[in-house]
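Me: Before I ask about the assignments, please show me the model, so that each term can be set against its definition.

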Amino acid sequence: MISISSYSFAGPSFDNLESLHTLLSSANHGLVAWDSEWAGRLSLSVDKAIERMRSVRKDYALLDRVTLLSMHLGQSAANGFDSKDMIVLVGSARGATATLEAATASFLQGERLSPQTSPITTAGSISAMTARHIGAVGGALSMSMTCGSGLQALVHACYLRKCGVSQSILVGGVEAPLTSFTKAQFQSLRLLSKDQSSYPSQPLMFEGNRVVLSEGGGFLLLGDGGRFEIIGWGEAMSVEGSAVTFSQEAMERSMAQALKMSGLNAVDVVVPHAPGTQLGDRLELDAIERLMPGTKVYSSKWATGHSLGASGMLGVATALLILEGKDYIMPHLHGWVSTQVAETVMVNASGFGGNCTSVILRKRN
């Protein structure tokens, strides 16, 4: 069992766990128009906070938005704790994509690149700058495994904690994918929602693809104490299927591993990956039903959209609220009640390439 000492979350229309609860309790999503599609942008308070960070130090001015978001959330989660010996581990699918895309465009136009281009566009710069910002010298690690990045980072942090590598690990998942190139890639896949109804993001609907890209992130401090703990986890890869989906069998294996580690036959609620794709959502729900028939399923992506590599950590945020006894519905599914008084919640994440990850959480007695 791994204790969660502290946490910090942010995304569309929320800047902490309490405001996420307010959003999920309403019938209103936090998404906005993005040309002909939709997007989930950071709340105004978080947006202002990360932009103010550019003036804190000279070398912060050129940092990518996702790096600043990681530094902001990491500092918040580590606040009040001795950060010196912390290990910082951050997952992100796209990484510093806005900065990389801008630098590439400049290069193709024949412009001379800034000497800072390489260090600030590497995947490792996110965790490195976060560690520097909070004064952590225990080590900085990064992970990028498509949309599973954040939850996989959490699993690897749990292994580090379990093996006794460090008594204090700050782990997060962050994403800022609202760029023209990222959007064009998802348009080519025909995954983005153009739905003009009250709910453009529609996980578990199975009627076409209705994915909404969003910014967001979350950090957990794994240490001692805290109200919540991680009691099981699992990972699996698909050996069949395409490069853009996963197999039902792989998701079942991931969830089964997590259940075996936790000593459970089933959990009370599953927070699925389910970003709003017709095929992937159905495969995941079928896998859940085969392994744990009748288990409640709740996705918060109707309100927050899909934050790619950060989505697993925002799934953890939803799980913590459910473990606090919150009861939510998915209004786009006509009021289907999906949560209850739960003692255990499983969070799933999956990504292009067929990787699947599952984590089980519970509230400490």
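Reply: Two strands count as paired if DSSP finds at least two bridges between them, and strands (E, at least two residues) and helices (H or I, at least four residues) are DSSP runs numbered from the N terminus. This is a predicted model, in which local features need pLDDT of at least 70, side-chain atom pairs count only at pLDDT 80 or more, and totals for chains, interfaces and linings use all residues. Residues are numbered from 1 along each chain as its sequence is written, and side-chain values use heavy atoms, with hydrogens and water left out.

Me: Why are β2 and β7 said to stand at the edges?

Reply: The open sheet of 3 strands runs β2-β3-β7 with mixed pairing. Because β2 (32-34) and β7 (213-214) each have a single partner strand, one side of each is left without a neighbour in the sheet.

Me: Why is L108 called exposed?

Reply: L108, in helix α4 (residues 97-108), has a relative accessible area of 68%, and exposed means over 50% (buried is under 20%, partly exposed in between; 1.4 Å probe, protein chains only), so L108 is exposed.
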